[in-house]
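Have a look around first, and then we'll go through it together.

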Amino acid sequence: MKRVDRYRGVALLALVGLFISLYLLLYHMGYYGVLACGSGSCDVVQSSRYADFLGLPVPAWGVAWYGAVLVLSLIEQAGGTGEGLAARLLDFAALGGLAFSIYLTAIELFVIHAVCRWCVVIALLAVGIFLLAAPWKGMRIASRTSGASAGGPRGRTG
Amino acid sequence: MATRQNEGGGSKWFYWLLGLVVLVGVGWLLTAGRSSGEAEALPPLGVAQTTGIEADPSAGVAIGPENAAVTIYDFSDYLCPHCRDFNAMVGKLLRRNYAVPGGPLRWVSYDFPLGDRSFPANVAAHCALDQGKYWEMHDMMFARVESWASEANPTGQFVEIAEDLGMDGGDFRQCMDQRESVSRIIASKQYGVNLGVTGTPTIFVNGQPVPRTNQFYSYQGLEAFIQQQAEAAASAADE
């Protein structure tokens, strides 16, 4: 798959994730009615103590993360070289997003014992973004570039 | 040249798709709000009556005059964080200020355990009722939920709370072990199910179900209604 297509795929997945995170954030804020505890697993997850992370609702982190990934991937697909700051930030975001999704899924499975379908979708999107962003490729390029820089003019022209 | 044309076509296709996702997403957020609000509106009283609204009102625990201007049914779960907030910020204050002898409010608390883990707390509340301390226990179990929620068997924590509230620990523990209130708790939850309760907290004001989008889930909203009803009742009595 071409690099530009991968970044476009990332942008589309991030946009979907952004809307789902927005929905969950509005729900968390009570926009869709006063929060209630129900027998559904989403209610259990959203009303658990793990629904906040570092003082902010988890969906707010989702909005910020998917928003950032969307912007970075749009920058890259529009003419990035895959070696600039946006590409590197996207690599780190993809890695961080995957790690956070694994953490949240583990909390749902082993601590809360309830799985929210929206959280599953969000986690799958993060996995998809990780696979498409392929940060390992970016890191290989970065290490090659730094190796070439260390090697002087021969590396740069080679 | 051909490659650049392909990239241009791909780019156009990509932006169209992006725009489509934005449209669908915005539409979804707007309609999700509407449908969610409708789904939370419980059936009107007339429908609920035919499905047994008056079937077992005695399963709840009441405070306040029987002939109060306003009667509130409260279906809550002790492990539900929103019930804890609702009790601390609304229920407890309203009961203290208005559900008093000669006051305008009667508050009826119904057990609505959402899962098996909540059940011991409901039993504890009824054991406290036996010793005349139901409301104190009710409020304290919500307030101290962090101390007992993670326990597989929280009986020890409940006995501790009961003793802190001046109850006889031995009698309380015996009551917890006998679990004689279980059928009443189930009857209470069943009453809620018959009324259409699907989540907690859910309140009914003068028999009318209150959707969770309603201002009645705030202290100010309920207080204004209680005062208005009390004034109406007083002027009716004067005439």
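Let's start with one residue: A:Phe19 sits in helix α1 of chain A (helices are DSSP runs of H or I with at least four residues, strands are runs of E with at least two, and both are numbered from the N terminus). Is A:Phe19 exposed, partly exposed or buried? A:Phe19 counts as partly exposed because it has 19 C-beta neighbours inside 10 Å. The cut-offs are these: 20 or more other C-beta atoms within 10 Å is buried, 12 or fewer is exposed, and in between is partly exposed, with C-beta atoms placed from the backbone. Leaving out residues up to four places away in sequence, A:Phe19 touches B:Gly25, B:Trp28 and B:Leu29 (a contact means C-beta atoms, placed from the backbone, within 7 Å). The C-alpha atoms of A:Phe19 and A:Val63 are 7.9 Å apart, though 44 residues separate them along the chain.

A quick word on how to read all this. This is a predicted model, where local features need pLDDT of at least 70, side-chain atom pairs count only at pLDDT 80 or more, and totals for chains, interfaces and linings use all residues. Residues are numbered from 1 along each chain as its sequence is written, while chains are lettered from A and ligands numbered from 1 in the order in which they are written.

So how confident is the predictor about chain A? The mean pLDDT there is 79, and 73% of the residues score at least 70 (pLDDT is the predictor's confidence in each residue, from 0 to 100). Helix α3 of chain A has the highest confidence, at 92, while α7(A), residues 153-157, has the lowest, at a mean of 37. Over residues 150-158 of chain A, pLDDT stays under 50, and the model has four contacts beyond four places in sequence for them. Where pLDDT is low, the predicted coordinates should not be read in detail.

Now for some helix pairs. Axes are lines fitted to C-alpha atoms, for helices over the stretch in contact, and angles run from 0 to 180 degrees between N-to-C directions.

| Helix pair | Angle | Axis distance |
|---|---|---|
| α1(A) and α3(A) | about 160° | 8 Å |
| α1(A) and α5(A) | roughly 160° | within 9 Å |
| α4(B) and α8(B) | about 135° | 9 Å |

Helices α1(A) and α5(A) are therefore roughly antiparallel to each other (angles over 145 degrees count as roughly antiparallel, under 35 as roughly parallel, 65 to 115 as roughly perpendicular and the rest as oblique). Their crossing is left-handed, meaning the near helix is turned anticlockwise from the far one by less than a right angle, while clockwise would be right-handed. In the contact of α1(A) with α5(A), 13 residues are nonpolar, four polar and one charged. Here Ala, Val, Leu, Ile, Met, Phe, Trp, Tyr, Cys and Pro count as nonpolar, Asp, Glu, Lys and Arg as charged, and the others, Gly among them, as polar.

Over in chain B, α4(B) and α8(B) are therefore oblique to each other.

Chain B has ten helices and six strands. Of its 239 residues, 36% count as buried.

How values were computed:
Contact = placed C-beta atoms within 7 Å.
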